Amino acid sequence: MMSGNALRDLNTLPASERKNDSSSKGNFTKTCNGNTIENVEELQKKNPSVCINGGETVNAGVEVANSEVEYIESENLGDLEDVNTCLEKLLPGLESKDWVLVVETLNNVRRLSIFHREAMHSMLGDLIPLVVKSLKNPRSAVCKTAIMTSADIFSAYNDDLIEFLDPLLVQLLLKSSQDKRFVCEAAERALEVMTTSVFPMSLLAKLQPYLKNRNQRIRAKASMCFSRSVPRLGVEGIQEYGIDKLIQVAASQLSDQLPESREAARTLLLELQTVYEKSNGLSTTIPEQPEMNSWEHFCQSKLSPLSAQAVLRVTNIAREGLVIGS
């Protein structure tokens with residue numbers, strides 16, 4: 001079940017952030033025209049607009065540090081020199097009010113996930129809430145680094161994250177649904193890593209409530225994750241989960257307002273049709289009434305007439321396209 005906090009977070013999307021950030025670089029540094037970041041922010045508290053960079057005026061709340069720093073891709077992260085010291089500093093670093101230190105610590109979490117998975121494993125219960133806190137941070141550098149951290153954690157810990165997944169999942173769905181492109185793209189990549197890392201049977205149960213969320217963009221992102229996860233179950237796993245349950249989920253998404261949801265539903269339906277026909281084709285007995293085992297009859301027996309018609313329209317068009325193309 002989702003936590004109460006996770007459900008509350010879905011009620012509203014975060015306020016939009018500045019839209020002029022680079023898709024590959026963050027605007028943060030320790031100094032800005034001789035002042036530390038902390039000093040500049042103190043000036044902003046006293047004066048709603050302060051002059052920086054030789055006269056440029058900015059409003060309070062706007063990120064004033066302007067030196068470009070690269071976001072480090074996972075494959076470019078190096079190992080740590082002192083693992084024990086780093087572990088001791090993780091939680092204080094993530095709780096710090098110094099956002100630059102938070103970013104540095106998040107990157108160390110990533111390094112530990114990649115190079116020292118076991119060393120950090122026992123800290124996950126304390127660590128995940130602080131990563132979630134950084135995901136909620138309005139500052140772009142912190143938020144995007146936390147998203148990248150989430151992806152590396154998924155890759156490292158797989159199913160060990162199931163009990164901590166809800167708050168991470170809800171924030172990534174929110175971030176992947178917002179207008180700020182480079183944050184949105186990073187969150188989508190993290191969700192893709194999640195769907196390839198976490199055991200699909202467990203993940204589908206976590207995703208299903210979000211398919212009915214009142215926010216259509218949340219529904220769309222959840223639908224895409226759901227559709228990507230189902231094939232990982234394999235034929236036996238899909239049968240165990242219940243192909244009838246899955247076809248009902250897909251059918252409900254076919255009428256969604258957003259095209260991403262509808263496309264995810266179509267992809268899922270084609271997968272389910274393939275699995276259904278393959279599993280029936282493996283039967284060694286010849287049924288007396290073969291039409292009773294047909295995909296069409298299965299859809300009509302599990303769905304309302306309108307839903308069955310919509311599903312069969314999708315799968316029949318795809319089949320006709322394959323015939324024409326062959």
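Predicted model: local features only at pLDDT ≥ 70, side-chain atom pairs only at ≥ 80, totals over all residues.
User: Which side chain makes a polar contact with the side chain of N108?

Analyst: A polar contact needs N or O atoms within 3.5 Å. The side chain of N108 has a partner at 3.1 Å. That partner is the side chain of R111.

User: Which residues does N108 touch, not counting residues up to four places away in sequence?

Analyst: Touching here means heavy atoms within 4.5 Å. With residues up to four places away in sequence set aside, N108 touches L80, C86 and L90.

User: Let's turn to the core. Which residues have the most contacts inside the largest nonpolar core?

Analyst: The largest nonpolar core has 86 residues. Inside this core, the residues with the most contacts are M194 and F226.

User: What is M194 in contact with, leaving aside its neighbours within four places in sequence?

Analyst: M194 is one of the residues with the most contacts inside the largest nonpolar core. Leaving aside neighbours within four places in sequence, its contacts are F154, L165, L169, L203, L207 and C225.

User: Is S223 buried or exposed?

Analyst: S223 is found in helix 11, residues 216-229. Its relative accessible area is 4%. Buried means under 20%, so S223 counts as buried.

User: And what is S223 in contact with, leaving aside its neighbours within four places in sequence?

Analyst: S223 sits in helix 11. Setting aside neighbours within four places in sequence, the contacts of S223 are L211, Q253, S261 and A264.

User: Which residues form one aromatic cluster?

Analyst: The structure holds four aromatic pairs. One aromatic cluster is formed by Y276, W295 and F298.

User: Finally, the whole protein: how many helices and strands are there?

Analyst: Buried residues account for 46% of the 326 residues in the protein. Its accessible surface comes to about 16700 Å², with 50% belonging to carbon and sulfur atoms. As for secondary structure, the protein has 16 helices and six strands.

Technical notes: Residues numbered from 1 in each chain as written. Heavy atoms only, no water. Phe/Tyr/Trp six-rings, centres within 6.5 Å; stacked < 30°, edge-to-face > 60°. Polar contact = N/O pair within 3.5 Å; in protein donor to acceptor, adjacent residues only side chain to side chain. Core = buried A, V, L, I, M, F, W, Y, C linked by side-chain atoms within 4.5 Å. Buried < 20%, exposed > 50% of the residue type's maximum accessible area, 1.4 Å probe, protein only. Helix = DSSP H or I, 4+ residues; strand = E, 2+ residues; numbered from the N terminus. Areas by Shrake-Rupley, 256 points an atom, 1.4 Å probe, with all protein chains shown as cover.
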